[in-house]
Amino acid sequence: LTFPLLSVTLLVSFGSSMLYGYNLAVVNSPAVYIKTFYNATWSQRYGHGLEPGPLTLLYSLTVSIFALGGLVGSLLVGMLVDRYGRNGALSRSALLVLLAGGFMGFSRELESPEMVIIGRCITGLHSGRGCRAVHGPFLMAQSPIAHSQGAGEDFRFPLATGSNLRGFLGLMPSIFICLGVFFAQVLGLPELLGEDRFWPLLLSLVIVPASLQLLLLHCFPESPRYLLIERNDICGATKALHRFLGTPDVQAVIEEMKEEQRSLSSVEMVSVGQLLRDRSVRWQTLSVVVVNAGMQLSGIDAIWFYTNTIFENAGIPVSEIPYTTVGTGAIEVVAGLIGCFTIEKLGRRPLIITGFCAMGVCSAGITVSLLLQTALPWMRYVSVACVVGIIGGFCMGPAGVPFLMTAELFMQSHRPAAYIVGGSLNWLCNFTVGFIFPFLQMSAGAFCYLVFCGICLLVAIYIYLIVPETKNKTFVEISHIFA
């Protein structure tokens with residue numbers, strides 16, 4: 001990777017995927033203080049505080065509305081990219097984060113819980129636009145194009161099948177999501193911003209990476225593929241390639257892009273409805289549905305959103321919980337790096353099957369440890385180990401492989417619709433878990449984790465029986481395997 005390409009990769013990752021990870025975990029540490037603020041504001045307005053049920057409902061909405069914003073953002077991103085390009089779409093998304101940071105930062109001074117909820121929704125809108133829908137494709141589009149080793153005309157992907165960077169860059173967003181979660185956990189420590197007076201600042205720190213992205217992104221050229229294929233700007237694409245690849249001879253890359261442009265011009269893109277009715281790709285579509293829904297319903301969002309509550313119920317001393325949480329975040333980053341550097345050696349299937357199985361076993365382990373912790377106090381540490389196992393299993397495979405597999409299971413004509421289906425399910429299931437988990441925990445107690453256990457194991461079985469290995473295979477080869 002050349003320095004300009006590495007720089008823009010880190011900049012986009014910092015302001016998109018890392019920001020998404022930060023917003024996933026940032027509400028965990030100040031949960032008690034936010035609830036206290038809601039209760040005090042409600043008492044000032046109406047003369048009485050909130051009952052535990054309505055308070056839990058209001059806080060669950062604060063946590064989960066982030067996903068509803070993400071759903072809306074992911075559905076609008078195509079229009080933004082078509083109109084402004086990927087750089088422009090990311091810049092406009094960064095402006096939203098500045099607005100959201102202002103809402104959340106001044107919410108306590110203005111005594112408005114609504115501003116916290118609106119700010120969370122806007123940050124979700126940004127993540128839907130930037131992280132899930134632009135960041136991954138942006139990295140792929142910026143990557144140096146390797147010559148195909150039998151990719152075939154039906155498989156149009158910015159990185160050729162034989163390139164060992166395709167899997168690495170496909171998992172790059174998940175690495176920065178893990179880093180964002182880790183930074184949120186570190187900043188939430190009592191010695192830093194984990195006190196009552198600092199929680200609005202902790203929530204509004206999202207403006208820092210967004211501001212950096214907004215200021216620096218214009219220093220880099222637009223994606224060469226976007227300039228040539230979408231705008232037919234050969235001169236601009238050539239200049240961008242000179243900058244990114246650091247070589248004066250880019251004619252071979254330009255010719256390959258022109259060939260892709262000619263191929264795409266003859267392809268009629270299918271709609272979501274056509275994709276769902278197309279019997280020739282029904283198993284691929286079902287696989288995208290199962291894998292993307294399973295990724296969010298695996299319980300990972302419950303772990304990220306409510307880590308401190310889970311550890312508190314497991315009997316971990318309150319004073320040790322923030323540091324235990326940071327430890328899980330560090331392990332999360334390491335697991336993500338392991339997956340990133342081994343995906344091209346091990347393949348997609350082993351990583352994602354092992355990840356879901358590990359998550360399922362550890363979810364059952366949490367249930368057992370919670371049931372036995374009264375008789376065996378050391379079981380609380382088993383709970384911590386199981387949480388670490390869930391996070392590690394997720395980051396090694398299920399965190400990034402579904403995005404990569406969605407691209408590899410479909411030809412270009414079906415791929416955008418498949419991304420819409422997978423992305424929409426991702427956000428809807430994210431909202432469902434974030435909103436329902438506190439009530440599930442109150443009603444089912446320790447047994448609530450068996451729901452996640454069952455989902456993880458069922459998804460792992462489905463992948464083992466149905467989904468083929470996609471590493472170094474063309475769409476035609478994958479389609480024949482499904483047939």
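This report walks through the fold, some helix pairings and a few individual residues of a predicted model.

## The overall picture

Let's start with the whole chain. The secondary structure consists of 22 helices and zero strands. Of the 483 residues in the chain, 57% are buried.

Taking contacts between residues at least 6 apart in sequence, 81% join residues at least 24 apart. Several residue pairs described further down illustrate such links.

## Helices H13 and H21

A pair of helices is described by the angle between the two axes and the distance between them. For helix H13 (residues 282-297) and helix H21 (residues 449-466), the axes come within 10 Å and cross at roughly 150°. H13 is therefore roughly antiparallel to H21, since angles over 145 degrees count as roughly antiparallel. The crossing of these two helices is left-handed.

Which residues of H13 and H21 make the contact? From H13 come Trp283, Leu286, Ser287, Val290, Val291, Gly294 and Leu297. H21 contributes Phe452, Ile455, Val459, Tyr462, Ile463 and Ile466. Sorted by class, this contact holds 11 nonpolar and two polar residues, with no charged residues.

## Helices H1 and H8

The second pairing joins helix H1 (residues 3-15) to helix H8 (residues 207-216), whose axes come within 8 Å and cross at roughly 145°. Here too you will find a left-handed crossing. On the H1 side, the contact uses Leu11, Val12, Phe14 and Gly15, while H8 supplies Pro209, Leu212, Gln213 and Leu216. The classes in this contact are six nonpolar, two polar and no charged residues.

If you want to find the covered positions of H18, the buried residues are Met379, Ser383, Val384, Cys386, Val387, Val388, Ile390, Ile391, Gly392, Gly393, Phe394 and Cys395.

How many of the nine residues of helix H19 (residues 401-409) are buried? Eight are, and H19 is thus mostly covered. Those buried residues are Val401, Pro402, Leu404, Met405, Thr406, Ala407, Glu408 and Leu409.

## Residues in helix H4

Val63 is a residue of helix H4. Is Val63 buried or exposed? Val63 counts as buried because its relative accessibility is 0%, and the cut-off for buried is under 20%. Beyond residues up to four places away in sequence, Val63 touches Val27, Arg120, Phe305, Tyr306 and Gly434. Val63 and Val26 are 37 residues apart in sequence, with 9.6 Å between their C-alpha atoms.

Arg92 also lies in H4. Arg92 has a relative accessible area of 35%, so this residue is partly exposed. Along the chain, Arg92 and Leu214 are 122 residues apart, yet 8.3 Å separates their C-alpha atoms.

## Residues in helix H20

Asn430 sits in helix H20 (residues 415-444). With 0% relative accessibility, Asn430 counts as buried. Setting aside neighbours within four places in sequence, Asn430 is in contact with Tyr20, Leu24, Ala67, Gln296, Asp301 and Phe305.

A separation of 358 residues in sequence lies between Leu428 and Gly70, but their C-alpha atoms are 9.0 Å apart in space.

## Two backbone angles to look at

Most residues other than glycine have a negative phi. Glu111, although not a glycine, has a positive phi of about 50°. Where is Glu111 placed? You will find Glu111 in the loop between helix H4 (52-105) and helix H5 (113-142). Glu111 counts as partly exposed because its relative accessibility is 38%.

Asn232 is not a glycine either, and has a positive phi of about 60°. Its place is in the loop between helix H9 (224-230) and helix H10 (234-245).

Technical notes:
Residues are numbered from 1 along each chain as its sequence is written. This is a predicted model: local features need pLDDT of at least 70, side-chain atom pairs count only at pLDDT 80 or more; totals for chains, interfaces and linings use all residues. Side-chain values use heavy atoms; hydrogens and water are left out. Axes are lines fitted to C-alpha atoms, for helices over the stretch in contact, and angles run from 0 to 180 degrees between N-to-C directions. Helices (H or I, at least four residues) and strands (E, at least two) are DSSP runs, numbered from the N terminus. Angles under 35 degrees count as roughly parallel, over 145 as roughly antiparallel, 65 to 115 as roughly perpendicular and the rest as oblique. A crossing is left-handed if the near helix is turned anticlockwise from the far one by less than a right angle, and right-handed if clockwise. Contact means heavy atoms within 4.5 Å. Ala, Val, Leu, Ile, Met, Phe, Trp, Tyr, Cys and Pro count as nonpolar, Asp, Glu, Lys and Arg as charged, and the others, Gly among them, as polar. Buried means under 20% relative accessible area, exposed over 50%, partly exposed in between (1.4 Å probe, protein chains only).
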